[in-house]
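This report goes through the model shown here, from the overall fold to single residues. Please keep the sequence and the structure in view while reading.

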Amino acid sequence: MDVKDLRYFVAVYEAEGFSRASRELGTVQSNVSARIRNLEGTLGISLFERRYRRVAPTAGGDKLYRHAKKVISSLADAERALRRSRVKGFTLLELLVVVVIIGLLAGFVAPRYFSQVGKSEVNVAKAQIDALEKALDQYRLDVGRYPSNELGLKALVDKPTSEPKWNGPYLKKSVPLDPWGKAYIYKMPGTKGDFDLLSFGRDGQAGGSGEDADISNQ
């Protein structure tokens, strides 16, 4: 995202169309459209709904417009301050303007960024459970049964004294914790299969939704 993208966005928003906005900006319509697509790709949301002879902002577009106007206004203040000072470097006012701009953009972009982080942690948990499942299946092929509840997942890396056919370790490293720093829960037999393998999610408690939802092999 750059300031020019925001300027083009504001022009389209206020002109309610790409054609009129391109005339006001002194550029071709394809250039304006490309800028908006780039901005939508960066933010991961749709900013406008294309309608007959006009465009209408989405809820995300309305929210970005309020922030973008403040950013552009703050930049205009900074440019005027630079012209007045005519010295190299930043004045205190200019530094404050930069801080304000960063804060305004963070207020719009950060919530989307952290929601993606949450999704990433859930995906990591699913991948770890899948890897543990495969390791448990290999353990069963060698030993003839899955580890007991007493042995637990530790049996995948440390040879139990009661299992002479053990041919591990079945994991390259130690048994991983889930992305929230908690141990995976292993139960044998499982409620629906040979075993249950699960994480209680971010809150560490059964149930929940979103990032707090349970993640299991079932």
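## Basis and overall make-up

A residue is called buried under 20% relative accessible area, exposed over 50%, and partly exposed in between (1.4 Å probe, protein chains only). Of the 218 residues of the protein, 34% count as buried. The model is predicted, so local features need pLDDT of at least 70 and side-chain atom pairs count only at pLDDT 80 or more, while totals for chains, interfaces and linings use all residues. Residues are numbered from 1 along each chain as its sequence is written, and side-chain values use heavy atoms, with hydrogens and water left out.

The protein has five helices and five strands. These are DSSP runs numbered from the N terminus: helices are H or I with at least four residues, strands are E with at least two. Their order along the sequence is α-α-α-β-β-α-α-β-β-β. A contact means heavy atoms within 4.5 Å. Among contacts between residues at least 6 apart in sequence, 48% join residues at least 24 apart. The accessible surface comes to about 13,200 Å², of which 54% belongs to carbon and sulfur atoms; such areas come from the Shrake-Rupley method with a 1.4 Å probe, and for residues only the protein chains shown count as cover.

Two packed helices are described by the angle between their axes and the distance between the axes. Axes are lines fitted to C-alpha atoms, for helices over the stretch in contact, and angles run from 0 to 180 degrees between N-to-C directions. Angles under 35 degrees count as roughly parallel, over 145 as roughly antiparallel, 65 to 115 as roughly perpendicular and the rest as oblique. A crossing is left-handed if the near helix is turned anticlockwise from the far one by less than a right angle, and right-handed if clockwise.

Helix α1 (residues 3-15) and helix α3 (residues 29-43) cross at roughly 110°, and their axes come within 9 Å. The two are therefore roughly perpendicular to each other, and the crossing is left-handed. On the α1 side the contact is made by Lys-4, Asp-5, Leu-6, Tyr-8, Phe-9 and Val-12, which meet Asn-31, Val-32, Arg-35, Ile-36, Asn-38 and Leu-39 of α3. By class these are seven nonpolar, two polar and three charged residues (nonpolar: Ala, Val, Leu, Ile, Met, Phe, Trp, Tyr, Cys and Pro; charged: Asp, Glu, Lys and Arg; polar: the others, Gly among them).

With helix α2 (residues 18-25), α1 packs at an angle of about 125°, the axes being 8 Å apart. That makes α1 oblique to α2. This crossing is right-handed. Tyr-8, Ala-11, Val-12 and Ala-15 in α1 meet Phe-18, Arg-20, Ala-21, Glu-24 and Leu-25 in α2.

## Residues in loops

Thr-58 sits in the loop between β2 (54-57) and α4 (59-85). Thr-58 is buried at a relative accessible area of 13%. Leaving out residues up to four places away in sequence, Thr-58 touches Ser-46, Leu-47, Phe-48 and Glu-49.

Phe-200, in the loop between β4 (196-199) and β5 (215-216), is partly exposed at 23% relative accessibility.

## Backbone exceptions

Most residues other than glycine have a negative phi, and most peptide bonds are trans. Glu-16, in the loop between α1 and α2, has a positive phi of about 60°. The bond from Gly-168 to Pro-169 is cis, with omega near 5°, and a cis peptide bond also joins Met-188 and Pro-189, with omega about 5°.
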